Amino acid sequence: KETEEVFKVKKSSYSKKIVKQLKKEYKEDLEKSKVRSEVNSPTDVEPPLEKAGQVKDIGQEDGTANSEHGEEEMEVESEKEEEKPKTGGAFSSALSSLNVLRPGEIPDAAFIHAARKKRQMARELGDFTPVDSEPGKSRLVREDENDASDDEDDDEKRRIVFTVKEKSQRQKIAEEIGIEGSDDEALVAGEQDEELSRWEQEQIRKGINIPQACIYFQPAEVNNMYYQNTYQTLSYGSSYGIPYTYTAYGSSETKSQKTDNTVPFKTPSNEMTPVTIDLVKKQLKDRLDSMKDLHKANRQQYEKHQQSREDSTKAIEILEGSSGGIGEQYKFLQEMRGYVQDLLECFSEKVPLINELESAMHQLYKQRASRLVQRRQDDIKDESSEFSSHSNKALMAPNLESFGRDRVIYQEQVKRRTAEREARRARRRQAREQTGKMADHLEGLSSDDEETSTDITNFNMERDRILKESSKVFEDVLESFYSIDCIKSQFEAWRAKYFASYKDAYIGLCLPKLFNPLIRLQLLTWTPLEGKCRDFETMLWFESLLFYGCEEQEQVKDDADISLLPTIVERVVLPKLTVISENIWDPFSTTQTSRMVAMVQKLVDGYPSVVNAENKNTQMLLKALLLRMRRTLDDDVFMPLYPKNVLENKNSGPYLFFQRQFWSSVKLLGNFLQWYGILSNKTLQELSIDGLLNRYILMAFQNSEYGEDSIKKAQSVIACFPKQWFTNLKGEKTISQLENFCRYLVHLADTIYRNSIGCSDVEKRNARELIKQIIKLLASVRALDHAVSVANDHNVKELKILIEGK
């Protein structure tokens with residue numbers, strides 16, 4: 001912008017000098033034209049002033065006219081000439097002279113008047129072509145009001161016409177910047193000082209080189225209308241080599257219109273800061289420091305990119321290394337998915353067959369157990385009917401028994417059952433004699449579970465048929481779909497390779513259900529009530545699954561595979577034991593009861609899930625045991641009632657039947673109390689004492705002979721009670737359920753003492769010994785109050801010894 005202002009000022013001063021000189025020359029020419037007009041015509045005709053081109057400076061970047069730099073409105077002088085009557089000869093001579101005007105000759109007033117008339121006629125006829133081809137190209141410009149020239153008295157409103165020949169745009173630009181070869185340079189070189197011309201051209205070049213330069217030149221309007229037919233018009237400025245007219249920004253008119261937005265021009269100074277060694281060193285040092293800082297920043301950025309590159313490389317390697325494992329895992333899991341689907345489809349077809357075979361086997365064992373129970377009940381009924389009173393027999397119909405059946409047929413069946421019963425007893429008696437157990441045996445303690453050969457043969461045939469059918473279940477299946485080892489190996493491989501997905505799939509919870517049908521097929525003939533039954537812990541399925549999930553690696557917390565076998569026992573063995581307890585187990589059989597108790601106790605001690613009170617399978621097993629015991633107590637226990645005179649004959653049938661039923665009840669009491677530690681004390685006491693002892697056995701005691709036989713039976717009953725019942729009792733009283741039994745013992749002691757009165761000393765001593773035994777029995781059940789009472793009543797001084805010797 002400073003260069004632009006310099007250019008404006010210099011151009012303005014330069015144009016002023018040229019205009020002054022032109023005014024002076026024009027004034028001289030005007031005087032000459034006046035002299036000529038006075039000679040040719042007495043009338044003074046003022047020479048018209050044609051429109052002069054006005055240069056408009058464009059100083060704004062947006063290309064609009066800069067009104068702030070001195071824009072002026074174009075003034076057009078429209079002269080209305082009054083036509084004065086003139087002689088036709090003068091006018092025609094003037095018209096003719098338009099074509100004979102020589103180049104360089106100054107026209108007179110008549111010539112000018114004739115030219116005006118010609119132009120007016122052309123306008124009226126419509127044959128006029130305006131000089132200004134483009135509006136706005138020629139404008140009137142006021143001269144500098146502060147012109148300090150010698151011609152201040154002249155009319156300032158006069159206009160100077162500058163006309164040049166139309167040139168190309170390239171020539172205009174060349175002339176503006178003063179390139180070598182232009183006419184302006186030649187004229188200026190001849191008219192102006194060389195130093196001033198050189199300085200001007202240098203400033204113009206500087207102004208042109210600035211990108212934001214906003215000085216534009218506009219060529220002056222070409223005006224050769226009046227002289228185109230006579231001679232070529234030359235502008236007054238052409239002799240001075242000025243092809244354009246312009247108004248500079250530095251003129252007084254522009255300054256008067258724009259005072260606020262102008263930038264004051266500062267004269268450029270050629271002074272420079274002196275350069276010293278310290279200044280150079282300081283600049284070099286500053287540049288070196290900045291370069292070091294830049295280098296440090298670039299170095300950090302480089303290291304950051306290097307680290308990012310290394311991390312990306314490692315990530316790529318990790319991903320590439322893991323991608324192969326993922327692919328293998330995907331392939332393995334797809335194979336396992338197909339295998340499991342095929343396995344489940346196979347089981348969906350085979351499990352119903354396994355259920356049918358298992359049900360058939362259970363039904364076979366149930367039928368055998370029911371047959372034995374029914375035979376025992378029939379034997380009791382037959383013996384009871386046989387030894388009933390003669391009065392009851394007389395009341396019966398002659399041909400019908402009490403149930404309305406034909407008496408002859410019934411008697412034949414009774415005879416047949418009696419013969420079979422006696423034959424079985426004889427065989428058992430013979431077997432005891434061979435083993436030497438005849439002396440200690442009591443009738444009623446043995447279990448009558450002997451079967452006929454026909455029943456055994458039928459049972460074995462049906463059992464073999466079921467086993468044969470079970471062997472054909474998986475005959476059309478590959479080994480990998482029914483072998484526990486093959487199935488286990490598949491899931492072991494999954495667990496070893498991809499434990500996370502194995503755990504997420506909850507395989508540890510699914511395996512017990514998956515192995516369930518295969519294990520039940522192997523346990524098809526397993527019944528712990530039989531002596532030759534194999535322990536399930538020695539079977540192949542147990543040994544195969546024993547160490548599943550127990551690798552050498554560290555065990556994972558909450559690993560479901562650790563409890564695989566306990567879960568299988570809970571879900572497979574316990575339900576099977578429940579069925580056996582409900583349908584096959586005979587509580588009257590001491591052998592079966594002992595085996596059943598041993599099996600359940602083993603499960604309680606070895607498998608924590610069985611002991612869990614919330615385990616439904618355990619609850620169902622205990623419920624089945626109680627139901628079977630209650631059913632036996634209600635259906636199978638029978639105690640006959642005979643007068644004492646009938647029981648006096650110890651070889652009679654009623655006496656033997658009574659003794660057999662008594663000892664079978666005592667045996668049942670002992671079988672019930674074997675469940676101590678498995679069933680609760682309250683439940684056992686309810687079944688054994690309230691249901692059996694007080695209801696049946698005490699009745700037999702009251703009908704028995706008071707003496708040594710009764711004490712022996714009482715000892716057998718007390719021997720069945722668990723000692724733990726009386727260990728933690730406080731006070732001198734026993735459990736409430738045994739009060740009736742204790743009172744019977746007290747009554748037995750009194751009866752023995754009364755029966756010994758009046759007898760020999762030997763009998764008295766025997767009676768006293770029996771009373772001491774009764775005191776021991778009362779002390780053994782913790783009935784100390786009754787023991788003290790008996791000792792005081794019968795003057796027994798060895799009470800302390802008897803109590804401690806219990």
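Predicted model: local features only at pLDDT ≥ 70, side-chain atom pairs only at ≥ 80, totals over all residues.
The buried residues of H23 are Ser 710, Ile 711, Lys 713, Ala 714, Val 717 and Ile 718. Viewed down the axis of H23, these buried residues fall within an arc of 160°, so they line one face of the helix. An α-helix has 3.6 residues a turn, so residues three or four places apart point the same way. On the other side of H23, Glu 708 and Ala 719 are exposed. The packing partners of the buried residues of H23 are H21, helix H22 (681-703), helix H25 (739-755) and helix H26 (761-780).

Helix H17 (residues 590-606) was examined likewise. With 17 residues at 1.5 Å a residue, H17 should span 24 Å; its end C-alpha atoms are 24 Å apart, in agreement with that expectation. Buried positions in H17 are Gln 592, Thr 593, Met 596, Val 597, Met 599, Val 600 and Leu 603. Seen down the helix axis, the buried residues of H17 fall within an arc of 160°, and they therefore line one face of the helix. The cover over these residues includes helix H16 (564-583), helix H18 (608-611), helix H19 (616-635) and helix H21 (653-673).

Helix H19 contains Asn 617. The relative accessibility of Asn 617 is 19%, so this residue counts as buried, the cut-off being under 20%. A polar atom of the Asn 617 side chain lies 2.9 Å from the backbone oxygen of Glu 570. When neighbours within four places in sequence are left aside, Asn 617 is in contact with Glu 570, Arg 571, Leu 574, Pro 575 and Thr 578.

The largest nonpolar core comprises 128 residues, and those with the most contacts inside it are Phe 491, Phe 536, Trp 541, Leu 603, Trp 675 and Phe 721. Helix H8 (residues 277-386) gives the most to this core, contributing 12 residues. In soluble globular proteins, nonpolar side chains tend to be buried together. Leu 603, listed among the residues with the most contacts inside the core, is also one of the buried residues of H17. Trp 541, apart from its neighbours within four places in sequence, is in contact with Ile 484, Ile 519, Gln 522, Leu 523, Phe 536, Leu 565 and Ile 568. Of these contacts, Phe 536 is likewise listed among the core residues with the most contacts.

Definitions and conventions: Residues numbered from 1 in each chain as written. Heavy atoms only, no water. Core = buried A, V, L, I, M, F, W, Y, C linked by side-chain atoms within 4.5 Å. Buried < 20%, exposed > 50% of the residue type's maximum accessible area, 1.4 Å probe, protein only. Helix = DSSP H or I, 4+ residues; strand = E, 2+ residues; numbered from the N terminus. Contact = heavy atoms within 4.5 Å. Expected span 1.5 Å × (residues − 1). Arc of directions from axis to C-beta. Polar contact = N/O pair within 3.5 Å; in protein donor to acceptor, adjacent residues only side chain to side chain.
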